[in-house]
Amino acid sequence: MIRARRDRKPVEVFTDIDLPLPGRREGKVRVSYALPESADGVERRLLITTDRLSAFDRVIASVPYKGQVLNELSAWWFGRMIELLGRLGARHHLLDVPDPNVSIVRSVTPLPVEVVVRGHITGVTDTSLWRRYADGQRVIDGHRLPEGLQKNEPLPTPIITPTTKGSGSGPGEQAGHDEPISCAEVVERGLVEAPLWDQVQTVALAVFELGMAVGAANGALLADTKYEFGLDRDGGLVLIDEVHTPDSSRWWLAASYEERVRAGEEPESLDKEVVRRAFADLGYRGDGPIPELPPETWTATSDRYVEAFRRIVGRPLIPGAYPVPERIVANLTEAGLL
Ligand SMILES: Nc1ncnc2c1ncn2[C@@H]1O[C@H](COP(=O)(O)OP(=O)(O)OP(=O)(O)O)[C@@H](O)[C@H]1O
Ligand SMILES: [Mg+2]
């Protein structure tokens, strides 16, 4: 369990791990290592989700239990979509979860696009769907949108707005910004071949429908999300990375959604909106040095992630023991991976 001081500032977070394994790769939130092939010839990686939180394309803090929430929530979603993916000739990357913060995944070659699916029109940044629509644009990333949409309302049907994948970066570094492109451009630029891109879109929209339906049953509304895909050694399509987490998606509370939107208020959010709002309150929009946020913000953010898990999955998170690196080493040793 984490210890808390009187000011409730979390004193224990999982920020990094160093394992005696080859092929270390570091993202803003995850650390991964190569694993030996499985007995049946599957290329594998170990994907470890830390408590790091990124905003404005940088790591700005660590939030207790965030890593566990992301890892276990993704695993839960992957488990719910096996048949759906199979029907569409695809699969997900998850093979096993040997620790609350660790996944063993099928190692793939990632496609160079992020597949953003939007069911609602929202956002605050200049490039967001809502801001561009409010500025008068009616054809956005190749999609014609009807007149009269209000902020945070559902779109007539979910749409895909791809982005190119920004160049990789380590924690604290400025990442390459993702560039929005149309679905047609994905093929025109030769990023993904046409038949494969068709399959990717079909799978993304189907998984998004599943996310909306399953979330709705538990009172959570999936507003938009981002998927990543890759190809395995045999050219098979694989859904990778994280799925329907508060980092990759906007989740809203269904109970208060209608009333709030009707009153012109923002929906109650289950994602890292707390952090975005705290920065907005300080007048910070992403330029210049990042201001410090009060410790309460991080406690509230941790609570938000844990609540998102409970809300979406329908049962409470069982918090793993801290410190996390020691626990991971013990679990991986027991699983014969170290
Ligand atoms: N099965 C997989 N095979 C190969 N690479 C994968 C697989 N699953 C995820 N990845 C890659 O691992 C990395 C995950 O790390 P992380 O999420 O920290 O990256 P990031 O995208 O830099 O951070 P952020 O999500 O904050 O933008 C991503 O680059 C993702 O594409
Ligand atoms: Mg990522």
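This is a predicted model: local features need pLDDT of at least 70, side-chain atom pairs count only at pLDDT 80 or more; totals for chains, interfaces and linings use all residues.
## Basis and confidence

Local features require pLDDT of at least 70 and side-chain atom pairs pLDDT 80 or more, whereas totals for chains, interfaces and linings use all residues. Residues are numbered from 1 along each chain as its sequence is written, and side-chain values use heavy atoms, with hydrogens and water left out.

The protein has a mean pLDDT (the predictor's confidence in each residue, from 0 to 100) of 92, and 93% of its residues reach 70 or more. The pLDDT is below 50 over residues 4–10, a stretch with nine contacts (heavy atoms within 4.5 Å) in the model beyond near neighbours in sequence. It is also below 50 over residues 168–175, where 21 such contacts occur.

## Packing of H7 and H8

Helices are DSSP runs (H or I, at least four residues), numbered from the N terminus. The axes of H7 (residues 273–281) and H8 (residues 295–313) come within 9 Å and cross at roughly 155°; axes are lines fitted to C-alpha atoms over the stretch in contact, with angles from 0 to 180 degrees between N-to-C directions. The two helices are therefore roughly antiparallel (angles over 145 degrees).

From H7, Val 274, Val 275 and Ala 278 meet Thr 297, Trp 298, Ala 300, Thr 301 and Arg 304 of H8.

Gly 264 lies in the loop between H6 (254–262) and H7. Gly 264 and Lys 151 are 113 residues apart in sequence, with a C-alpha to C-alpha distance of 8.2 Å.

Conventions:
Chains are lettered from A and ligands numbered from 1 in the order in which they are written. Angles under 35 degrees count as roughly parallel, over 145 as roughly antiparallel, 65 to 115 as roughly perpendicular and the rest as oblique.
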